[in-house]
Amino acid sequence: MEEEFYCVIKLVSGEEIISLIYIDDNDGDPIIVAQSPLTMKLAQSPHGAFIKVKPWMDLTDDDVFFIKSDKVITMTEIKSTMK
């Protein structure tokens, strides 16, 4: 397994999730292991725009999910600027 990192993932379903992930090579067929993924949605209010986040899966107590790489359009690592 590789190093874990925070990333935003765009899925073929159109969902965008943010999660701590690591990638399991699984004999040449990579699987993304996402821990506590959240969905993000841009919302507007009279006071401005904001991002609404909520758990990706509402009706489960699990916090680790496996995503096949063919279900991902793109992903980008989130770099922390806080030190």
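1. Exposed here means over 50% relative accessible area, buried means under 20%, and partly exposed is whatever falls in between. K79 has a relative accessible area of 64%, so K79 is exposed. Keep those cut-offs in mind for the rest of this note, and remember that we're looking at a predicted model.

2. The fold first. The C-alpha trace spans about 50 × 35 × 25 Å along its principal axes. Of the contacts with a separation of 6 or more, 42% are between residues 24 or more positions apart.

3. On to burial and surface. The chain has 83 residues, and 24% of them count as buried. Its accessible surface comes to about 6,400 Å², with 55% of that belonging to carbon and sulfur atoms.

4. The core is worth a look in your viewer. The largest nonpolar core has 13 residues, and I9, L11, I21, I32 and I67 are those with the most contacts inside it. Strands β1 (5-11), β2 (16-24), β3 and β5 (64-68) each put in at least two residues. The top contributor is β1, which gives four.

5. Which residue would I click on to see this core? I'd pick I32, one of those with the most contacts inside it. I32 sits in strand β3, which covers residues 31-45. Its relative accessibility is 4%, and since the limit for buried is under 20%, I32 counts as buried. Leaving out residues up to four places away in sequence, I32 touches I9, I21, Y22, I23, F65, F66, I67, V72 and M75.

6. With residues up to four places away in sequence not counted, L11 touches I17, W56, I67, K71, V72 and I73. Both I67 and V72 also turn up among the residues that I32 touches.

7. Now the charges. There are 8 positive and 15 negative charges on the chain, and their mean positions are 11 Å apart. How many salt bridges does the structure hold? There are three, and they're quick to go through.

8. K10 pairs with E16, with the closest N and O atoms 3.5 Å apart. K10 has 28% relative accessibility and so counts as partly exposed. E16, at 35%, is partly exposed as well.

9. Next come K54 and D58, whose side chains meet in a salt bridge at 3.2 Å, N to O. Is D58 buried or exposed? With a relative accessible area of 52%, D58 is over the 50% cut-off and therefore exposed. K54 has 39% relative accessibility, so K54 counts as partly exposed.

10. That leaves E77 and K79, with side chains meeting in a salt bridge at 3.7 Å, N to O. E77 counts as partly exposed because its relative accessibility is 41%. K79 is the exposed residue from point 1, with its 64% relative accessible area.

Methods:
Residues are numbered from 1 along each chain as its sequence is written. This is a predicted model: local features need pLDDT of at least 70, side-chain atom pairs count only at pLDDT 80 or more; totals for chains, interfaces and linings use all residues. Side-chain values use heavy atoms; hydrogens and water are left out. Buried means under 20% relative accessible area, exposed over 50%, partly exposed in between (1.4 Å probe, protein chains only). Contact means heavy atoms within 4.5 Å. Accessible areas come from the Shrake-Rupley method with a 1.4 Å probe; for residues, only the protein chains shown count as cover. Lys and Arg count as positive and Asp and Glu as negative; His and the chain ends are not counted. The place of a charge is taken as NZ of Lys, CZ of Arg, CG of Asp or CD of Glu. A nonpolar core is a set of buried Ala, Val, Leu, Ile, Met, Phe, Trp, Tyr and Cys residues joined through side-chain atoms within 4.5 Å. A salt bridge is a side-chain nitrogen of Lys or Arg within 4 Å of a carboxyl oxygen of Asp or Glu.
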